[in-house]
Amino acid sequence: MNCSDHCRAAAFIFTLEGGQEEAPVLQPLWDVVTARQDWLRSPFFPVSFSFVVYMAFCLPFLLLDFLGTKTPALRQYKLHPHSNPTLGMITRCLAHTIYNHVVFIFPATVAHWYWRPVSLPEVAPELPKVLTDVLACLLLFDFQSFVWHALHHKVPWLYKTFHKLHHQHTSTFVLATHYSGAWETLSLGLFAGVCPAVLKCHPLTEMAFFVVNIWLSVEDHSGYEFPWSLHKLVPFGLCGGPPHHDVHHMKFRSNYAPYFTHWDRLFGTLARSEPEGKSK
Ligand SMILES: [Zn+2]
Ligand SMILES: [Zn+2]
C-alpha cells in the first residue's frame with residue numbers, strides 16, 4: 001500500500017455494523033508522521049528525536065541568556081538575575097550531552113528497537129485519550145523519578161557515585177538539564193521508555209509524552225519563570241516548575257519530584273523558593 005492509499009484507508013474507521021465513523025482529529029497528523037515509516041523504524045530515530053527535541057527546547061533559553069547580558073530588562077524573568085552561563089559551561093554541558101547521546105543513549109535505544117520493534121497502527125488515537133495517557137505517563141514518571149532521586153540523596157554512596165555530577169550547577173541553566181552521569185541518564189531514560197509501554201500507549205501518544213517530558217525537564221533547569229509558565233497556570237501548586245527544582249539544586253535535601261509536588265508534600269520534603277533576586 002502506497003502513502004496515498006494508506007492515507008485514504010486511514011481517513012475512515014469502519015465500525016462492526018459496517019457504517020463509517022469520522023476519523024480521529026489527530027488522523028491527518030498521524031498520516032503525516034507515518035508517511036515517514038522508514039525513518040520511524042530506523043534505529044537512529046529515537047536518539048535523533050531525543051537530541052533534536054532537547055536542543056530545540058534549549059536554544060530559546062540560551063538565546064535569552066545571551067540577550068540578557070545586553071538587555072537587562074530580559075533578566076526580570078530569571079530566577080537568579082545575576083547568574084549567567086559562561087562559554088566554558090555551555091561547551092562543557094553541550095559536549096557532555098552529545099557524549100551521553102552517542103555512548104549511552106544510542107546503544108540503549110538500539111537495544112530497545114531490536115527487542116521491541118516499532119509498531120505503527122493505521123488509526124490515530126483520540127485526542128482525549130492522548131491527553132489522559134500523557135498525564136498518566138507524567139504522573140508515573142514523576143513517581144519513579146521521585147523514588148530514584150530521593151534514594152540517590154539519602155544514600156551517600158549513591159549520591160557521590162551517581163548523582164553528584166548533576167549537582168555541579170547550584171544555579172542552573174538550561175544545558176545543565178542533561179549534565180548527568182551514565183547511570184542517571186540511563187535510569188531516567190528507562191523510566192521514560194517504560195511509562196508508555198506499561199500503559200500501552202499509542203505510538204503518537206508515546207511521542208507526545210517524550211516531547212512533553214523533555215520540555216518539562218528543560219524548563220525545570222532553564223532558570224526562568226514566566227507569568228505563563230505551566231506551574232503558574234495549574235492550580236493549588238500541584239506543579240513545581242523551575243522554582244521547585246531550582247530550590248533542589250540550591251538546598252539538595254528537598255523537592256525530589258521533578259514535575260509535581262504531591263510526593264514531596266506527602267513525605268515532608270517540599271521546600272518553597274526564596275523571593276526572586278535574593279540569591280547571588
Ligand atoms: Zn538531586
Ligand atoms: Zn536537576
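How far apart are the end C-alpha atoms of residues 44-68, and how much of the span is helix? Select residues 44-68 and take a look: the end C-alpha atoms lie 36 Å apart, and the span is 96% helix and 0% strand. UniProt, in an unreviewed entry, places the feature "transmembrane region" on residues 44-68. Keep in mind as you go that this is a predicted model.

**Two domains**

Next, colour the chain by domain: domain 1 takes in 1-35, and domain 2 takes in 37-266. Their centres, taken over C-alpha atoms, are separated by 33 Å. Where they touch, domain 1 puts in 12 residues and domain 2 puts in 10.

Now pick out helix 1 (3-10) and helix 2 (27-34). Each of them supplies at least two residues of the side of domain 1 that touches domain 2. Helix 2 gives the most to that side, with 5 residues. Colour the side by residue class and you'll find 9 nonpolar, 3 polar and no charged residues.

**The hydroxylase stretch**

Move on to residues 134-269. UniProt lists these residues as "domain: Fatty acid hydroxylase", again in an unreviewed entry. The stretch is 63% helix and 0% strand, and its end C-alpha atoms are 26 Å apart.

**Helix 6 meets helix 9**

Select helix 6 (residues 127-154) together with helix 9 (residues 203-222). They pack at an angle of about 50°, and their axes are 9 Å apart. That angle makes helix 6 oblique to helix 9. Turn the view to see how they pass: the crossing of helix 6 with helix 9 is right-handed.

Show the side chains at the contact. On helix 6, look for Val130, Asp133, Val134, Cys137, Leu138 and Phe141. Helix 9 answers with Leu204, Thr205, Ala208, Phe209, Val212 and Asn213. Sorted by class, the residues of this contact are 9 nonpolar, 2 polar and 1 charged.

**Helix 6 meets helix 7**

What angle do helix 6 and helix 7 make? It is about 110°, with the axes 5 Å apart. Helix 6 and helix 7 are therefore roughly perpendicular to each other.

For the last stop, show Leu151, His152 and His153 in helix 6, which meet Leu158, Tyr159, Phe162 and His163 in helix 7. The residues of this contact split into 4 nonpolar, 3 polar and no charged.

Technical notes. Residues are numbered from 1 along each chain as its sequence is written. Chains are lettered from A and ligands numbered from 1 in the order in which they are written. This is a predicted model: local features need pLDDT of at least 70, side-chain atom pairs count only at pLDDT 80 or more; totals for chains, interfaces and linings use all residues. Axes are lines fitted to C-alpha atoms, for helices over the stretch in contact, and angles run from 0 to 180 degrees between N-to-C directions. Helices (H or I, at least four residues) and strands (E, at least two) are DSSP runs, numbered from the N terminus. Angles under 35 degrees count as roughly parallel, over 145 as roughly antiparallel, 65 to 115 as roughly perpendicular and the rest as oblique. A crossing is left-handed if the near helix is turned anticlockwise from the far one by less than a right angle, and right-handed if clockwise. Two residues are in contact if their C-beta atoms, placed from the backbone, lie within 7 Å. Ala, Val, Leu, Ile, Met, Phe, Trp, Tyr, Cys and Pro count as nonpolar, Asp, Glu, Lys and Arg as charged, and the others, Gly among them, as polar. UniProt positions are given in the numbering used here, feature names are shortened, and annotations may be inferred rather than shown by experiment. Domain bounds come from an automatic or database domain assignment.
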